[in-house]
Amino acid sequence: MRVNYGSPRLLDVNPAGAVPTLREDDGWTLTQAGAILDYLAEKHPEAGLSGGESPREEAEAHRWSSFLTSDMHAAFWPIFLPFRYTTDQSDAAKEAVVAAGQKLVARQMTALNTHLDRRHWMLGEGRGKRSVIDAYAFPMIRWGMKVLPNGVAEWANVVALHDRLAADPAVQKVLADEAAAVAV
Ligand SMILES: N[C@@H](CCC(=O)N[C@@H](CS)C(=O)NCC(=O)O)C(=O)O
């Protein structure tokens with residue numbers, strides 16, 4: 001679905017006018033990506049995507065959820081919405097803000113790449129175990145591919161995580177559904 005950020009329909013479910021927003025069949029809504037992923041993992045334990053239930057496993061999930069929400073996701077805002085970050089409406093000011101955002105995103109991609117060294121997934125011991133945190137990292141990596149001057153090729157572990165997730169038929173279905181919805 002194409003999102004219209006200022007629309008009454010979106011403001012009705014999320015007064016912040018932001019996505020993602022989850023609405024359950026009974027009308028209950030939940031906002032904030034980290035909270036939504038945590039809720040979905042808890043609600044569907046059969047999927048085994050929480051990252052674990054010990055205090056340390058839960059803390060790791062919160063740690064990386066916070067990293068993605070606060071550090072990585074927010075680093076894209078100057079690129080997507082540059083005029084929120086300057087009162088100067090010139091093209092030069094816009095380009096400067098976008099360039100600063102690209103530097104910030106690159107810094108967070110480096111942090112992600114370092115964490116993924118010798119790991120297959122964001123959470124878990126050893127090479128790790130797939131979780132909702134990988135699902136959150138996936139769109140961030142794809143944004144990076146689009147908006148960084150050289151994409152994400154310089155971060156090999158980040159590319160590997162992307163490719164591992166993109167190989168999943170369920171992920172491919174979501175991407176196809178999204179592309180079809182945007183094309184409407
Ligand atoms: N902290 C929020 C941030 C969500 C967010 O920034 N979403 C962006 C899209 S990627 C948005 O809806 N921006 C609209 C706006 O800021 O007006 C979360 O984790 O869900």
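Visitor: What domains does the domain assignment of the protein give?

Guide: The assignment gives domain 1 (8–43) and domain 2 (52–183). These bounds come from an automatic or database domain assignment. The structure is a predicted model, in which local features need pLDDT of at least 70 and side-chain atom pairs count only at pLDDT 80 or more, while totals for chains, interfaces and linings use all residues. Residues are numbered from 1 along each chain as its sequence is written.

Visitor: How many residues of domain 1 are in contact with domain 2, and what makes a contact?

Guide: Two residues are in contact if their C-beta atoms, placed from the backbone, lie within 7 Å. By that test, six residues of domain 1 are in contact with six residues of domain 2. On the domain 1 side, the touching residues divide into four nonpolar, one polar and one charged. Here Ala, Val, Leu, Ile, Met, Phe, Trp, Tyr, Cys and Pro count as nonpolar, Asp, Glu, Lys and Arg as charged, and the others, Gly among them, as polar. The centres of the two domains, taken over C-alpha atoms, are separated by 20 Å.

Visitor: Why does the radius of gyration of the protein agree with that of a compact globule?

Guide: The radius of gyration is taken over C-alpha atoms, and the globule rule is 2.2 Å times the number of residues to the power 0.38. For 184 residues a compact globule would have a value near 16 Å; the protein has 17 Å, so the two agree. Along its principal axes, the C-alpha trace spans about 50 × 45 × 35 Å.

Visitor: How many helices and strands does the protein have, and what counts as one?

Guide: Helices (H or I, at least four residues) and strands (E, at least two) are DSSP runs, numbered from the N terminus. The protein comes to eight helices and two strands. From the N terminus on, the order is α-β-β-α-α-α-α-α-α-α.

Visitor: What makes the reach of helix α8 close to the expected one?

Guide: The expected span of a helix is 1.5 Å times one less than its number of residues. Helix α8 (residues 169–183) has 15 residues, and the distance from its first C-alpha to its last is 21 Å, close to the 21 Å expected.

Visitor: Why is α8 called hardly covered?

Guide: A residue is buried if 20 or more other C-beta atoms lie within 10 Å of its own, exposed if 12 or fewer, and partly exposed in between, with C-beta atoms placed from the backbone. The count of buried residues among the 15 residues of α8 is zero. Over the 184 residues of the protein, 22% count as buried.

Visitor: What class do Ala135 and Val147 fall into?

Guide: Ala135 has 18 other C-beta atoms within 10 Å, so this residue is partly exposed. Val147 has 15, so Val147 is partly exposed. Ala135 is in helix α6, and Val147 lies in helix α6. Not counting residues up to four places away in sequence, Val147 touches Ile79 and Gln102.

Visitor: What is noted about the phi of Arg118?

Guide: Arg118 has a positive phi of about 65 degrees although it is not a glycine. This residue is in the loop between α5 (91–115) and α6 (132–147). Arg118 counts as exposed because it has 8 C-beta neighbours inside 10 Å.

Visitor: What is noted about the backbone at Pro20 and at Gln32?

Guide: The peptide bond from Val19 to Pro20 is cis, with omega near 5 degrees. Pro20 lies in the loop between α1 (8–13) and β1 (21–23). Gln32, a residue other than glycine, has a positive phi near 80 degrees, and its place is in the loop between β2 (29–31) and α2 (33–43). With 17 other C-beta atoms within 10 Å, Gln32 is partly exposed.
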